[in-house]
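Hi,

Here is the structure I promised to pass on.

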Amino acid sequence: MTTSPPPASEPATLPHRWSTAPFEPYAVEKMSPEQERVYLASQLQLMWWKFRRHKLAVISGVVILVMYASIVICEFLAPYHYTTRDTDFIRAPPQRVHLFHEGTFLGPFVYPYTQRLNMENLKREYDVDTTRPQQIRFFCRGDGYYFWGLVPGNLHLFCPPEGGTLFLLGTDRLGRDMFSRILYGGRISLTIGLLGVMVSFVLGVIIGGIAGYYGGKVDLFVQRLIEIVQSLPHIPLWLALSAIMPASWSPLLVYFGITLILGLMDWTGLARAVRSKLLSLREEDYVVAAQLMGAKPARIIGLHLVPGFMSHLIAAATITVPKTILGETALSFLGLGLRPPITSWGVLLNEAQNINVVALYPWLLFPCVPVILIILAFNFLGDGLRDAADPYR
């Protein structure tokens with residue numbers, strides 16, 4: 001006789017509990033305000049905090065901003081127009097700015113020059129007349145100009161004294177104020193650096209992006225092309241490309257021609273950086289998803305891949321700008337770049353080719369100072385941006 005097993009007992013119902021308190025995602029691990037500030041910060045905030053710790057890069061950034069801001073209003077900042085000549089003061093030395101005359105405070109003023117001709121060496125010599133202080137005028141009317149070649153005006157931040165002169169950095173062989181010409185020349189030299197980088201930036205991103213995205217034979221061809229361009233000596237090639245520009249071209253065409261030449265020579269390094277980044281990013285899931293959705297390669301490269309390492313591109317661009325400025329300066333110094341009436345730092349240094357002129361009139365080398373400053377500033381800024389591009393390191 002068999003007996004059936006006893007019926008299984010029904011499982012007891014577990015009580016379902018829930019909390020009516022507001023949802024707090026960080027309730028388990030409470031963070032202090034200092035921790036929240038760091039852990040919840042955006043990528044840009046982390047980059048900015050790391051960049052601020054690089055004091056030299058911050059100072060360099062301020063210097064670059066000041067120099068680029070000065071070229072915007074150089075007509076207002078310069079006491080003279082860059083073409084103004086004073087034949088009575090040819091190659092005059094710099095005038096010192098004083099505040100006190102015989103123990104009395106007079107504000108910014110200069111002592112006038114008296115010129116005499118040394119008959120032994122036929123050299124103009126200038127003596128300082130310390131008996132007649134001449135005060136510098138501020139926010140005054142002076143040489144007329146066209147602001148950016150469009151709006152006429154004659155207002156200057158400071159002007160020479162009434163009936164006097166104000167040559168802060170001396171004059172050149174035609175009696176033109178060097179300080180004013182350096183300010184005007186900065187507009188050409190600094191903008192040509194930015195325009196040249198824009199050309200090389202576009203070429204580098206496009207060519208490097210194609211090589212990194214497609215790979216294979218396309219990458220092989222681009223790499224060989226980059227190696228050929230990099231193997232060419234830059235200075236002789238610059239000279240050759242500058243020499244083929246017609247002498248009948250206007251200064252504006254020469255300006256854009258030099259910009260194009262400098263941009264065509266500096267894209268290779270950026271292209272290789274873009275290519276290496278795209279080779280590592282093209283297999284990411286979001287790239288595959290974009291491909292499956294039918295996105296074209298140009299859209300994938302431009303909207304998905306390039307923004308992923310834009311910080312590295314910005315750092316690379318800041319290092320490329322000084323190369324372009326140096327290239328323009330070198331070409332203009334050799335007489336194969338920009339030509340008068342355009343004024344750039346390289347054109348100004350063209351007058352300092354003769355060692356005898358430099359020995360007698362050393363102030364003609366003052367255009368070297370802003371060139372050195374801007375190149376050092378861009379290099380230090382590039383170092384700071386490159387470190388800040390990886391805030392987690």
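T324 touches I192, G193, G196, V197, L262 and D266, leaving aside residues up to four places away in sequence (contact here means heavy atoms within 4.5 Å). T324 itself lies in helix α12, residues 310–333. At 1% relative accessibility, T324 counts as buried (buried is under 20% relative accessible area, exposed is over 50% and partly exposed is in between, with a 1.4 Å probe and protein chains only).

Before you go further, this is a predicted model: local features need pLDDT of at least 70, side-chain atom pairs count only at pLDDT 80 or more, and totals for chains, interfaces and linings use all residues. Residues are numbered from 1 along each chain as its sequence is written, and side-chain values use heavy atoms, with hydrogens and water left out.

Next up is S189, which sits in helix α5, residues 178–214 (helices are DSSP runs of H or I with at least four residues, strands are E runs of at least two, and both are numbered from the N terminus). S189 is buried too, with a relative accessible area of 0%. Its contacts, again not counting residues up to four places away in sequence, are I325, E328, S344, W345 and G346.

Strands β1 (residues 98–101) and β2 (residues 104–110) run antiparallel and are joined by three bridges (two strands pair if DSSP finds at least two bridges between them). H101 has T104 in β2 as its bridge partner. Two residues lie between the strands, and E102 takes a positive phi near 55° in this hairpin.

Cheers
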